[in-house]
Amino acid sequence: KGRTMAKSAKWIPEGHHTVTPYLVVRDAGKAIDFYKRAFGAEEALRMAGPDGTSVMHAELRIGDAFIYLTGENPEWGKKAPQSYGGSPVSLHLYVADVDAAFKRAVAAGATVKMPVDDMFWGDRYGQVTDPFGFDWGIATVKETLTPQEIGKRSKDYLAKMSKQKT
């Protein structure tokens, strides 16, 4: 485990992509355990903070991507979503079986924000909020659509939604 440099791009660690989300959470150890249970995360790296027990930096692999996380530390300017009253950031996770992954996340302690359903853009999709304040969209592609098809379906969907509100 650990970090090695990619052969194709020496400035990106092997297995990483150009953009990597970096989450600030309260109780990073509990967050790591949750992400393992909820999303099958694998812990690649954990660095303890100055106190020897907090998490200063961790790297988790979920599927073919990494997320980094650190524990909340206002002295270092690192605040978790709860310090702001929520997070403006959400994460999107593609999985082979959205229904099973969604149930697993909820069983691990996530809260349902939007139940799984077939969506106008071609995904089967739902949203959960994790116990650390981040929303996760979980999806499986069911249809690959053109932008025109998505646009038409979007208009139909929005028209249907506006009729339901009246």
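**Pockets in a predicted model**

At least two lining residues of the largest pocket come from each of helix H1 (28-39), strand S4 (65-71), strand S5 (90-94) and helix H3 (98-108). This is a predicted model, where local features need pLDDT of at least 70 and side-chain atom pairs count only at pLDDT 80 or more, while totals for chains, interfaces and linings use all residues. Residues are numbered from 1 along each chain as its sequence is written, and side-chain values use heavy atoms, with hydrogens and water left out.

**Terms to keep handy**
- A pocket is an open set of points on a 1 Å grid over the protein atoms alone, where a 1.4 Å probe fits, with protein on both sides within 12 Å along at least five of seven lines; lining residues have an atom within 4 Å of a point.
- Points are joined across faces, edges and corners, and a volume is the space filled by probe spheres set on them.
- Helices (H or I, at least four residues) and strands (E, at least two) are DSSP runs, numbered from the N terminus.

**Largest pocket**
- Its space comes to about 370 Å³.
- Of its 22 lining residues, Ile 62, Ala 65, His 92, Leu 93 and Tyr 94 lie nearest the centre.
- S5 gives the largest share of this lining, four residues.

**Second largest pocket**
- Here the space is about 190 Å³.
- Its lining includes Met 114, Asp 117, Phe 120, Tyr 157 and Lys 160.
- Strand S6 (111-118) and helix H4 (147-165) each supply at least two lining residues, and the largest share, five, is from H4.
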